[in-house]
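I opened this notebook page to record a few backbone and packing features. My entries follow the display.

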Amino acid sequence: MMGATTRRILRTGLAGRLLGAKFWMAVFLLVCGGAQLSGSQIYQSALQAGFDKMVEATGLIGFTVSDITVEGRETTDPETILAALAAGPGTPILAVSPKRAKQQLETLPWVRTAVIERHLPGTLYVRLVERKPLALWQHSGKIELIDRLGAVIPVTRLDRFAKLPMVVGEGAARHAAELLDMLASEPDLAVRVTAAIRVGDRRWNLRIDNAIDVLLPADEPAGAWAQLARLDRSSGLLQRDIQSIDIRLPDRLVLRVSPEMPKETPASKKGRPPAKNT
């Protein structure tokens, strides 16, 4: 990307060039005034041709892109930004439409908002607010990347986001940020959450260590989460052979213990048919 910082470019005779630019600008404003008196297609075409000539002339006297400064870019590819601006070294700066460039940039997957300014005589300033990936969202038989607002970030590959938390179910994306902020209050336990399932778009079930299901209440889930963390610190609750923990009721904890597997004898091993792939 050109000009991570603004560069100063020596220009000789700039005052005379600016005077010439003012002349062309006055001509253009006269033409624009005439455009209000006639709405014919021929006149509009002539107006556009006059504008193009003026833009070309401003380029010849030094009003060309010499520096592009971008603020807020972390993920968006620099070449993609240049393509959206439709500008490069030597492009007449008045030929760059900030409105069009804004529209183009805001169609990019990572860009939430964009501001483009022309700083005459030759600098384009771009300020981006990029989307921050928050979680993976599994729903309707697919997995998508979402940001803090629950909006989908349309990327083609998800492999580099595999370590992000997984939220599952309809409505999960809208409430993911609130849930993850709550989980972060107990960081040692939060890192053990392998998935969060939205139930009836009212509450969450958490999957701990990919083995234990924790049923959170619809009301005051933060208190139940803090209680679970305290119990694990004091008694090692989540180290036990448990299938699920129901903490939806404020005055009780319901545990479902994993059933004991029968011990195998040599005879039982010998008589067992081979397992089938399912």
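**Backbone and helix packing**

I looked up Asp201 and found it at 33% relative accessibility, so it counts as partly exposed (buried is under 20% relative accessible area, exposed over 50%, partly exposed in between, with a 1.4 Å probe and protein chains only). I note that this is a predicted model, in which local features need pLDDT of at least 70, side-chain atom pairs count only at pLDDT 80 or more, and totals for chains, interfaces and linings use all residues. Residues are numbered from 1 along each chain as its sequence is written, and side-chain values use heavy atoms, with hydrogens and water left out.

I placed Asp201 in the loop between β8 (193–199) and β9 (203–208); strands here are DSSP runs of E, at least two residues, and helices runs of H or I, at least four, numbered from the N terminus. Phi of Asp201 is near 50 degrees, a positive value in a residue other than glycine.

I then checked Asn210, in the loop between β9 and β10 (212–215). Its phi is near 55 degrees, also positive in a non-glycine residue. Asn210 counts as exposed because its relative accessibility is 56%.

I recorded a cis peptide bond from Leu120 to Pro121, with omega near 10 degrees. Pro121 lies in the loop between β2 (111–119) and β3 (123–130).

Lastly I examined helix contacts. Ile81, Ala84 and Leu85 in α3 meet Arg100, Ala101, Gln104 and Leu105 in α4, contact meaning heavy atoms within 4.5 Å.
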